[in-house]
Amino acid sequence: MKDTYDVVVVGAGNAALCAALAARERGASVLALEKAPEHFRGGNTYFTGGAIRCAYNGLEDIRELVPGVSDEEAAAIDVGSYPEARYYDDLMRVTEGMSDPAMAQTLVSRSLSTLLWLRDLGVRFTPLYGRQSFKVGGKHRFWGGLAVEAVGGGKGLSDQLFKAAIDRGVSIRYATKAMRLLMDRRGRVSGVVAQSPEGLEEVNSKAVALACGGFEANAEMRARYLGPGWELAKVRGVPYNTGDGIRMALEVGAQSHGHWSGCHAVAWDLNAPPTGDRNLTDLYQKHSYPLGIIVNVKGRRFVDEGADLRNYTYAKYGREILGQPRRVAFQIFDRKVEGLLRDEYRIPQCTTARANDVRSLATALDIDPDGLADTIRRFNDAVQDGEFNPAVLDGKGTVGIEPPKSNWALPIDEPPYLGYAVTCGITFTFGGLRIDQNAQVIGDEGSPIPGLYAAGELVGGLFYHNYPGGAGLMAGSVFGRIAGQNAAAGPG
Ligand SMILES: Cc1cc2nc3c(=O)[nH]c(=O)nc-3n(C[C@H](O)[C@H](O)[C@H](O)COP(=O)(O)OP(=O)(O)OC[C@H]3O[C@@H](n4cnc5c(N)ncnc54)[C@H](O)[C@@H]3O)c2cc1C
């Protein structure tokens, strides 16, 4: 195994493999170092649903990306459009206007072209029927700006990226973690010190692209940066994303950037394992809460379940659940919406109960029965008339209760009643490194660090407070590709 490459990529998730592919395309020799053993490869990317948010102007763009859509299928779907300006606005809206404008613009303006690049490399996409469309008026209507997923979800995306990379000559070393960055006398990053079962070794390169995830799997860093209690959250993905890339870059003078106390965290099955399950991947999530209500152990509601389309609330509600007594919440539905619940509500591993009266449901789930009965009675009284339509913000809300439910408010009054116990599952962290338009890491005095590039979850500045679903993979692909292209040119 040679120990000198043009580009060393740290990690082998979506961002890393996009960087590796882009660098190879520019003629660089590329080595990807992956901390996980081969049978556990793929990073958090493997655990995703593979849903990816790109800007598009209408069905024609989707058909270019998904050539398999027949005329018959096209006639049965309504994907609407998701112009770049709306993508940008959504990003700004959910991040409270804090997303770095230049990064946000790069993300949205390069989203579709980057997916077309991936398509040309052999990654296949398909319309996101299961989780992102509702059948309304005889047509599948897609909502929330998220129209496609990778074929095979996250597993499919990961496998297709590995195939593309290996077919094109990217070398990959598994069970090998980057420990620290090497710097030459001119202050250029010139490789990494890596640790494998054989021991420590130096791998030299003209450039290094860090793409080894955030610090979501590091309990100590979670407590330190996200705050007390976060060490107790469940981790939705791999145990390997422990902030190594961020630490290594800070050690050579990189600038920290973004929302270091912020993260993406969702409602996750109460009895899910401490870190991700490679077979079930994202199925411990519970994303149909806009169709019902969420209560705590006292039976009290604490968020507006219908504040916005699910894509724009789910990533911040994990934090709200972490703040409840015992870090537990319960999603409550009735028969009317059971058929609309997502697939993840049907796995045998769900922590769930069903009963014909509200008090029995409460007892089965360990919720205060009086509290739940009172909440549901007051909620039902507050529901306003209107037409329920899960594919749009239907405005069918409540009045006179706190918090309100702003959309999709249906009374909970038709047994059987269903309850699902959830806790907080952390997905990824928002804080990280500062990069420039070339995905080059910026030093703490404001200029780029020669030879050092970064992409994916370890980059800060794009997401603050909240996140639009599907933007993580897209950001990893867009900035991974840019990082790889520029890393191939050398130290910069
Ligand atoms: C359950 C779940 C569902 C999700 N669903 C979606 C979705 O549908 N759409 C979406 O856009 N996003 C989704 N996300 C977020 C998504 O995972 C990320 O945005 C994206 O996959 C991150 O890609 P990445 O390449 O930055 O990190 P990863 O894919 O996590 O890759 C990082 C890699 O670096 C490796 N590594 C860590 N430290 C080292 C080291 N020192 N040396 C070498 N290797 C190292 C890790 O082992 C890992 O393989 C989901 C996340 C989870 C957990």
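Predicted model: local features only at pLDDT ≥ 70, side-chain atom pairs only at ≥ 80, totals over all residues.
At what angle do helix α1 and helix α15 pack, and how far apart are their axes? Residues are numbered from 1 along each chain as its sequence is written.

Helix α1, residues 14–25, and helix α15, residues 471–488, pack at an angle of about 35°, and their axes are 7 Å apart. Helices (H or I, at least four residues) and strands (E, at least two) are DSSP runs numbered from the N terminus, and the axes are lines fitted to C-alpha atoms, for helices over the stretch in contact, with angles running from 0 to 180 degrees between N-to-C directions. The crossing of α1 past α15 is right-handed, where right-handed means that the near helix is turned clockwise from the far one by less than a right angle, and left-handed that it is turned anticlockwise. On the α1 side the residues that meet α15 include Ala15, Cys18, Ala19 and Ala22, and on the α15 side they include Leu473, Gly476, Phe479, Gly480 and Ala483; contact here means that the C-beta atoms, placed from the backbone, lie within 7 Å. By class, this contact of α1 with α15 has 13 nonpolar, six polar and one charged residues, with Ala, Val, Leu, Ile, Met, Phe, Trp, Tyr, Cys and Pro counted as nonpolar, Asp, Glu, Lys and Arg as charged, and the others, Gly among them, as polar.

Helix α15 also packs against α6, residues 101–120, at an angle of about 85° with the axes 9 Å apart. The two helices α6 and α15 are therefore roughly perpendicular to each other, given that angles under 35 degrees count as roughly parallel, over 145 as roughly antiparallel, 65 to 115 as roughly perpendicular and the rest as oblique. Among the residues making this contact are Leu107, Arg110, Thr114 and Trp117 of α6, and Met474, Val478 and Arg481 of α15. By class, that contact has six nonpolar, four polar and two charged residues.

Let me turn to the ligand. There are 42 residues around the ligand, and Gly11, Gly13, Gly43, Gly456 and Gly472 come nearest; a residue is counted as near when its C-beta atom, placed from the backbone, lies within 6 Å. At least two residues of this shell come from each of α1, α2 (43–47), β3 (51–52), β10 (177–183), β19 (417–429) and α15. By class, the shell has 17 nonpolar, 18 polar and seven charged residues.

How is the protein chain divided into domains? Domain 1 covers 4–215 + 430–488 and domain 2 covers 265–425, with bounds that come from an automatic or database domain assignment. The centres of domain 1 and domain 2, taken over C-alpha atoms, are separated by 32 Å, and 21 residues of domain 1 are in contact with 17 residues of domain 2. On the side of domain 1 that touches domain 2, two or more residues are given by each of α2, α7 (129–132), β6 (133–136) and α8 (153–167).

Next come helices α13, residues 358–365, and α14, residues 369–382, which pack at an angle of about 135° with their axes 8 Å apart, and are therefore oblique to each other. Asp366, in the loop between α13 and α14, has a phi near 70°, which is a positive value in a residue other than glycine.

Finally, there are two cis peptide bonds to point out: one joins Glu402 and Pro403, with omega about -10°, and another runs from Pro415 to Pro416, with omega near 5°. Pro403 is found in the loop between α14 and β19, and Pro416 has its place in the loop between α14 and β19 as well. Most residues other than glycine have a negative phi, and most peptide bonds are trans.

Methods
Contact = placed C-beta atoms within 7 Å.
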